[in-house]
Amino acid sequence: RGRFVHFATLLRGTPTMSTPHNVAVVIGSLRKESLNRKLANSLIGMAPPALKLAIVEIGDLPLFNQDHEADPTPPVREFKQKIAAADAVLFITPEYNRSVPGVLKNALDVGSRPYGQSVWNGKPGAVISLSPGAIGGFGANHHLRQSLVFLNVPMMAQPEAYIGNGGQLFDAQGAIAADNTRNFLKDFLDAFARWIERNAATGAK
């Protein structure tokens, strides 16, 4: 109750490996009490041993301007270094006007330049969209995927995760309230760990 998700049947079981994959978590909202930030923190706490999730902030990135490519600001350098060092990327985003928030699209643009030096290239990815509305950020989820196809980010197709009615998602302590949602997200992370493992060998470094 209180969520809208669509996902394929999952192969059960949690992948195990000696060294966890480092996953950069990119949040498409800047608000301190953002539902998407709360979700990111919850996922960090429930990640399987195969994954090590860490938020990479995008709020200090300047608007992309090609004039500044040769001399990027410290926030740009730090952001690109963190994404480049990650094994994979998990995007967690709201939907603004049926599309991707501008701050998230700007992060994609900043990370993709200069031409031929994109930090996104070949990194396995996944997306969860979360919205107070009923359709769970469907538009943002798919617009983001469209950009990531061009950026050569192999995106996990299933399970899909559109979480609606986000205002009901958390309890008073900020934890995910519903067992079925929590279990779905654990399965999502397990599937992502398998996706990373399958795609890591072919990803560009």
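This is a predicted model: local features need pLDDT of at least 70, side-chain atom pairs count only at pLDDT 80 or more; totals for chains, interfaces and linings use all residues.
**Entry 1, helix H5.** I started with H5, residues 179–200. H5 lies across S1, S2, S3 (88–93), S4 (125–130) and S5. Against S4 I get an angle of about 160°.

**Entry 2, the sheet.** I find an open sheet of 5 strands in the order S2-S1-S3-S4-S5, and the pairing is parallel. At the edges sit S2 (51–55) and S5 (162–163), each of which pairs on one side only. Then I checked how S1 (residues 21–27) is joined to S2: the two run parallel, with 5 bridges between them. One residue I looked up there is Val25, whose bridge partner in S2 is Ile55.

I count 5 helices and 5 strands. Reading from the N terminus, I get β-α-β-α-β-α-β-α-β-α. Of the 205 residues, 49% count as buried. I also looked at contacts between residues at least 6 apart in sequence, and 82% of those join residues at least 24 apart. The chain exposes about 10,300 Å², with carbon and sulfur atoms supplying 53% of that.

A reminder first: most residues other than glycine have a negative phi, and most peptide bonds are trans. I went looking for exceptions.

- I found a cis peptide bond joining Arg113 and Pro114, with omega about 0°. Pro114 is in the loop between H3 (102–112) and S4.
- Gln158 to Pro159 is also a cis bond, omega near 0°. I place Pro159 in the loop between H4 (138–150) and S5.
- Asn152 lies in the loop between H4 and S5 as well. Its phi is positive, about 60°, although Asn152 is not a glycine. I have Asn152 down as partly exposed because its relative accessibility is 42%.
- Asn165 has a positive phi too, near 50°. I find Asn165 in the loop between S5 and H5. Its relative accessibility is 25%, so Asn165 counts as partly exposed.

Last stop was Ala177, in the loop between S5 and H5. Which residues does Ala177 touch, not counting those up to four places away in sequence? I list Gln168, Leu169, Phe170, Asp171 and Arg182. Why do I call Ala177 partly exposed? Its relative accessibility is 44%, and partly exposed is the range between buried, under 20%, and exposed, over 50%.

Terms used:
Residues are numbered from 1 along each chain as its sequence is written. Side-chain values use heavy atoms; hydrogens and water are left out. Two strands pair if DSSP finds at least two bridges between them. Helices (H or I, at least four residues) and strands (E, at least two) are DSSP runs, numbered from the N terminus. Contact means heavy atoms within 4.5 Å. Axes are lines fitted to C-alpha atoms, for helices over the stretch in contact, and angles run from 0 to 180 degrees between N-to-C directions. Buried means under 20% relative accessible area, exposed over 50%, partly exposed in between (1.4 Å probe, protein chains only). Accessible areas come from the Shrake-Rupley method with a 1.4 Å probe; for residues, only the protein chains shown count as cover.
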